[in-house]
Amino acid sequence: MPCPAPILITGASQRVGLHCARRLLDDGQPVIVSYRSERDSLTELRKRGAITLFGDFDTEAGILTFIDTLKKHTGALRAIVHNASSWQAETPGEEAQAFARMVNVHMLAPYLINLHCADLLHACETADIVHISDDVTRKGSSKHIAYCASKAGLDSLTLSFAAKYAPRIKVNGIAPALLMFNEHDDAAYRAKTLAKSAMGIEPGPEVVYQSLRYLFDNPYVTGTTLTVNGGRHVK
Ligand SMILES: NC(=O)c1ccc[n+]([C@@H]2O[C@H](COP(=O)([O-])OP(=O)(O)OC[C@H]3O[C@@H](n4cnc5c(N)ncnc54)[C@H](OP(=O)(O)O)[C@@H]3O)[C@@H](O)[C@H]2O)c1
């Protein structure tokens with residue numbers, strides 16, 4: 001029997017997280033989403049039965065407040081998808097603040113949520129944690145050192161929590177390269193980015209939903225980070 005408990009997706013009021021929340025609702029899967037900015041998409045998700053909870057992961061206090069709020073809304077979780085992410089400029093003079101904020105959202109939030117919500121996941125016979133990382137951790141980034149390092153730390157959490165929580169909770173990662181451009185990305189940037197992968201396409205967020213589906217449905221995969229990069233590593 002599949003567990004009827006909700007799946008938590010963090011940072012799911014837009015783009016990839018929102019798409020995955022909608023697709024899981026299409027499957028009849030209850031969903032809880034965290035958000036920081038109120039958006040029309042949240043009204044739509046609420047109408048469809050999703051629970052939407054404010055969560056700001058910039059600070060330890062914000063993360064712990066979110067965990068308390070979450071526990072007031074559910075006693076069980078089928079899965080947690082750590083999707084919330086911040087891609088901040090590492091501006092001279094402000095490097096330390098940007099580094100700390102990205103460590104908090106990419107590492108401290110997943111770390112504390114995983115530690116404090118294990119009891120919710122154990123309410124299901126099998127459960128999943130999925131960390132949405134980034135393909136950039138494969139080779140590093142001279143321009144986005146702090147972003148890349150904080151996502152690499154998230155990859156490390158995948159290994160450690162997979163060992164800690166086996167066999168009841170599988171813990172995996174998804175490491176996408178380009179999924180969706182931002183509105184302000186210009187033609188030159190788009191062309192340069194598309195040329196980096198063997199497939200040469202902007203796949204959209206559905207490939208993340210497909211990867212989640214695979215990880216949720218497969219009982220023999222844990223401690224793995226799925227590369228979803230259009231073959232960047234073979235180009
Ligand atoms: N898009 C791509 O092409 C791509 C490529 C590689 C990897 N990824 C990864 O895939 C995932 C989804 O990508 P995306 O482009 O859909 O992400 P996104 O829109 O940039 O960010 C997702 C959400 O994270 C929330 N967030 C940011 N900082 C937060 C904080 N301190 N506390 C709580 N929430 C916070 C934002 O909420 P607010 O808007 O309310 O602030 C945002 O809606 C991310 O983990 C990203 O790193 C994406």
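Asn229 is buried, with a relative accessible area of 5%; buried stands for under 20% relative accessible area, exposed for over 50%, and partly exposed for the range in between, with a 1.4 Å probe and protein chains only. Asn229 sits in the segment after strand 7 (225–228). Helices (H or I, at least four residues) and strands (E, at least two) are DSSP runs, numbered from the N terminus. Asn229 and Pro203 are 26 residues apart in sequence, and their C-alpha atoms are 9.6 Å apart in space.

The model is predicted: local features need pLDDT of at least 70, side-chain atom pairs count only at pLDDT 80 or more, and totals for chains, interfaces and linings use all residues. Residues are numbered from 1 along each chain as its sequence is written, and side-chain values use heavy atoms, with hydrogens and water left out.

Gly28 counts as exposed at 60% relative accessibility.

Next come the charged side chains. Side chains of opposite charge can pair when their charged atoms come close. A salt bridge is taken as a side-chain nitrogen of Lys or Arg within 4 Å of a carboxyl oxygen of Asp or Glu. Across the whole structure, 13 salt bridges are found. One of them joins Arg48 and Asp26, at 2.7 Å from N to O. Arg48 lies in the loop between helix 2 (40–47) and strand 3 (51–54), while Asp26 belongs to helix 1 (residues 15–26), so the pair ties together parts that are 22 residues apart in sequence. Both ends are partly exposed: Arg48 has a relative accessible area of 36%, and Asp26 has 47%.

Asp135 and Arg138 also meet in a salt bridge, at 2.9 Å from N to O. Here Asp135 is buried, at 5% relative accessible area, whereas Arg138 is partly exposed, at 40%.

In the salt bridge of Asp217 with Arg213, the closest N and O atoms are 3.0 Å apart. Asp217 and Arg213 are 4 residues apart in helix 8 (residues 206–217), a separation of about one helical turn. Asp217 is exposed, with a relative accessible area of 51%, and Arg213 is partly exposed at 27%. Elsewhere, salt bridges that share partners join Arg23, Asp26, Arg48 and Glu206 into one network.

Other charges form a surface patch. Lys139, Lys143, Lys192 and Lys196 make up a positive one. Patches consist of residues with over 30% relative accessible area and no salt bridge, like charges being joined within 9 Å and nonpolar side chains (Val, Leu, Ile, Met, Phe, Trp, Tyr) within 5 Å. Lys196 is placed in the loop between helix 7 (187–194) and helix 8, and at 41% relative accessibility counts as partly exposed.

The aromatic side chains follow. A pair of aromatic rings is described by the distance of the centres and the angle of the planes. Rings of Phe, Tyr and Trp (its six-membered ring) pair if their centres lie within 6.5 Å; planes under 30 degrees apart count as stacked, over 60 as edge-to-face and the rest as tilted. The whole structure holds 6 aromatic pairs. Phe161 and Tyr165 form a tilted pair, because their ring centres are 5.4 Å apart and their planes stand at 40 degrees. Phe161 and Tyr165 are 4 residues apart in helix 6 (residues 145–165), about one helical turn. Phe161 is buried at 4% relative accessible area, as is Tyr165 at 8%.

The pair of Phe181 and Tyr189 is edge-to-face, because the ring centres are 6.2 Å apart and the planes are at 75 degrees. Phe181 is buried, at 9% relative accessible area, but Tyr189 is partly exposed, at 36%. Ring pairs also link Tyr111, Phe161 and Tyr165 into a cluster.

Two backbone features remain. Ala166 and Pro167 are joined by a cis peptide bond, with omega about 0 degrees. Pro167 lies in the loop between helix 6 and strand 6 (169–176). Arg15, a residue other than glycine, has a positive phi near 50 degrees. Arg15 is in helix 1 and counts as partly exposed at 32% relative accessibility.

Methods:
Accessible areas come from the Shrake-Rupley method with a 1.4 Å probe; for residues, only the protein chains shown count as cover. Lys and Arg count as positive and Asp and Glu as negative; His and the chain ends are not counted. The place of a charge is taken as NZ of Lys, CZ of Arg, CG of Asp or CD of Glu.
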